[in-house]
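Have a look at the structure first, and then read along with me.

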Amino acid sequence: MNPREIIESVRIAMGALRTHKVRAALTTLGILIGVTTVIGLVSLVQGLNQSFTGQVASLGSNVLYVEKFPWFAGEDWYKYRNRKNITRQQAGRLDGMLTTAAAVAPVTYTRRMIKFGDARAEAILIRGTTAEYQDVADVSAAQGRFFSSVDNHRHNQVCILGQAVVEAVFKDVDPLYQRVFIGPFRFLVVGIKEKKGNLLGFNQDEDVIIPIRTFEKLYGSYRSLDIMVEASDPQALEETKEEVRWAMRIIRRNLPGEPDDFSINQQDMLTDMYQKVTGTIYLVMIGIGTVSLLVGGIGIMNIMLVSVTERTREIGIRKALGARRRNILWQFLVEAVTLSCVGGLIGILIGFGLGKLVAAVSPLPASVSLWSVVLGLGFSSAVGIFFGLYPAAKAARLNPIEALHYE
Amino acid sequence: MDKLIDLNNITKVYQVGTVEVPALRGITLSIEFNEYLSIMGPSGSGKSTLMNILGCLDTPSEGTYLFKNREIGGLDDNALADIRNREIGFVFQTFNLLPRATALHNVELPLIYNGTPAKERRQSAREALESVGLADRAHHRPNELSGGQRQRVAIARALVNQPSVILADEPTGNLDSKTGEEIMQIFERIHQSGNTIILVTHEEYIAQHTQRSIRLLDGKVATDEFRRDRQLTEDASQESPSPAS
């Protein structure tokens with residue numbers, strides 16, 4: 001099959017499409033819907049991916065979170081209920097034992113009301129931690145300073161405010177070195193945290209950070225802590241994780257053979273969970289897409305059969321003039337593929353358009369990607385070939401003498 | 001000199017359900033280069049079947065068909081298609097043009113199937129249309145042409161690949177007598193240029209234009225006569241031909 005013939009066939013196919021526009025349109029509808037759905041959803045998911053990955057990155061790809069519960073306990077949460085709390089003393093011992101960690105910081109939380117003068121902010125997140133929190137959480141003071149280990153040792157009542165808290169309570173006054181009330185207790189503001197923005201919908205500037213010893217003195221030490229560990233070498237995160245596990249097992253006296261009675265969580269668990277969810281979306285999408293493509297394919301087969309019958313005479317003429325079976329087969333196959341690819345292309349265009357539209361009017365993001373275009377065209381062609389084969393073969397097998405006499 | 005076509009005891013039997021229908025019962029004849037002959041006979045005589053076999057659209061059940069000394073009987077579909085493409089030029093009663101293609105494209109069709117590059121193709125097609133006087137209608141579609149013009153396009157298409165034989169099946173059947181005569185003039189010209197023409201017809205006055213008439217009856221050759229005034233002998237081929245009556 002020389003390229004000349006392919007071009008000729010494509011020309012004939014486009015001509016046939018133009019002549020029967022409505023019929024062609026109806027035929028390609030199935031393919032169009034299938035491809036539109038797939039492309040639209042793919043661009044949405046791709047956009048979500050990018051947004052998610054960007055936000056998750058700020059969690060730190062080299063940070064481990066030693067906690068009582070694993071992040072995605074799900075239905076098994078009751079298994080972890082009986083675990084002993086993680087304490088400040090354990091965190092201190094861990095810090096002493098690790099060699100591959102750059103920083104270790106225990107963190108604990110509660111919610112309290114912040115008061116300044118007449119202004120109030122309710123249920124603000126109060127974090128109790130050490131000075132090393134700056135390293136593990138990549139947090140710094142935009143104004144003033146973070147508290148020091150001395151502040152912690154002396155359980156000073158000093159605090160660092162998040163930007164959103166400042167905006168809620170201080171209005172025009174410069175917050176630095178002012179005194180605020182956290183609950184009934186007076187604190188000195190020594191620093192303002194730099195703005196961090198949103199993390200997966202959660203506003204990271206709505207917190208207040210105080211030294212952990214102060215926290216435990218004022219709010220009790222009955223809560224289980226989280227210990228954040230920053231690995232020295234981001235490439236060797238797994239090694240640090242193993243070291244942490246070994247150290248924690250010793251600290252908490254886990255016997256050999258016993259499972260860990262603590263969990264080590266990391267950022268890529270979030271990514272994994274996210275991918276599981278989007279994985280499901282992809283599956284649904286593929287399901288819808290496949291069904292539509294099947295429907296579209298049957299439509300194409302139908303139309304091609306009609307087309308072959310209508311053009312029986314024409315096939316007879318071509319054969320009389322020297323067309324081989326192969327030529328006729330290719331002609332109709334190319335026509336079927338052209339039909340399905342036109343549908344596919346329009347579907348891709350509409351799909352992207354819809355994706356962009358949704359992105360413009362809603363918080364959902366959308367992104368264009370090359371492989372989805374390739375996939376869309378690929379599937380359309382495959383459907384065209386598969387469902388066009390039978391009619392094309394029928395056409396090729398026609399007896400020229402009978403075909404010439406067909407009315 | 002080699003004969004163009006040599007048929008020996010050609011038989012064709014059709015299977016219609018459980019019944020066998022003999023369409024041709026032993027046809028033996030030969031045709032030389034540059035002959036202009038007609039095949040005649042009532043319906044059922046087998047003339048269409050004979051034309052199909054001569055045109056390599058069908059193969060005989062028995063007997064040998066030598067085309068330019070090559071046995072056609074045993075050839076496969078692809079080989080037959082090639083011969084139809086290069087050696088045979090068909091002209092049909094119902095013109096059989098592609099309705100959605102221009103005249104030029106219709107004439108190009110045989111050249112597309114033997115892989116001729118586009119430029120050459122277009123050139124040859126234009127020349128063929130010129131030779132039948134339709135150069136100015138190259139971009140018209142069949143529905144924009146008269147019956148006579150359509151048949152001329154068909155003739156141009158038959159000629160474009162320079163075939164060894166033109167096979168015309170009732171070429172004037174769908175035309176009025178004046179237009180029919182114009183077409184016969186074209187055939188005459190084509191014959192003068194050295195082509196071999198086989199005409200299938202049931203009209204006596206059309207057959208009068210040809211040099212030789214083979215009459216079929218019930219699948220056999222009933223008569224095979226040369227017209228005296230049109231006979232092309234070896235001496236006559238040196239002289240200028242007698243004007244067409």
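1. A term to begin with: two strands pair if DSSP finds at least two bridges between them. Helices (H or I, at least four residues) and strands (E, at least two) are DSSP runs, numbered from the N terminus. With that in hand, Leu64(A) stands opposite Val229(A) in β11(A).

2. A word on conventions. This is a predicted model, where local features need pLDDT of at least 70 and side-chain atom pairs count only at pLDDT 80 or more, while totals for chains, interfaces and linings use all residues. Residues are numbered from 1 along each chain as its sequence is written, and chains are lettered from A and ligands numbered from 1 in the order in which they are written.

3. On confidence, pLDDT is the predictor's own score for each residue, from 0 to 100. Chain A has a mean of 86, with 97% of its residues at 70 or more. Where pLDDT is low, the predicted coordinates should not be read in detail.

4. Chain A holds 14 helices and 12 strands. Of its 407 residues, 39% are buried (20 or more other C-beta atoms within 10 Å of the residue's own; exposed means 12 or fewer, partly exposed in between, with C-beta atoms placed from the backbone). Two residues are in contact if their C-beta atoms, placed from the backbone, lie within 7 Å. Among the chain A contacts with a separation of 6 or more, 81% join residues 24 or more positions apart.

5. Do look at strand β1(A) (residues 63–67), where 5 of 5 residues are buried. Val63(A), Tyr65(A) and Glu67(A) point one way, Leu64(A) and Val66(A) the other. β1(A) pairs with β11(A) in the antiparallel sense over 4 bridges. Another 4 bridges join β1(A) to the antiparallel strand β12(A) (residues 263–266), with Tyr65(A) opposite Asn265(A).

6. Which residues of helix α4(A) (residues 88–97) are buried? They are Gln90(A), Ala91(A) and Leu94(A). Seen down the helix axis, these fall within an arc of 100°, so they line one face of α4(A) (the arc is that of the directions from the axis to the C-beta atoms). On the other side, Gln89(A) and Gly96(A) are exposed. The buried residues pack against β2(A) (101–116), β11(A) (226–231) and α9(A) (237–251).

7. The buried residues of α2(B) are Leu80(B), Ala81(B), Ile83(B), Arg84(B) and Asn85(B). They pack against α11 of chain A together with β4 (62–67), β6 and α3 (103–113) of chain B.

8. Helix α5(B) (residues 147–159) is mostly covered, with 10 of its 13 residues buried. Among what covers them are β6, α3, α4 (118–131), β7 (165–169) and α6 (177–192) of chain B.

9. Finally, 6 strands of chain B form an open sheet with mixed pairing, in the order β6-β7-β8-β3-β9-β10. Its edge strands are β6(B) (88–91) and β10(B) (220–226), each pairing on one side only. β9(B) (residues 212–217) and β10(B) pair in the antiparallel sense over 6 bridges, and there Ile214(B) stands opposite Asp224(B).
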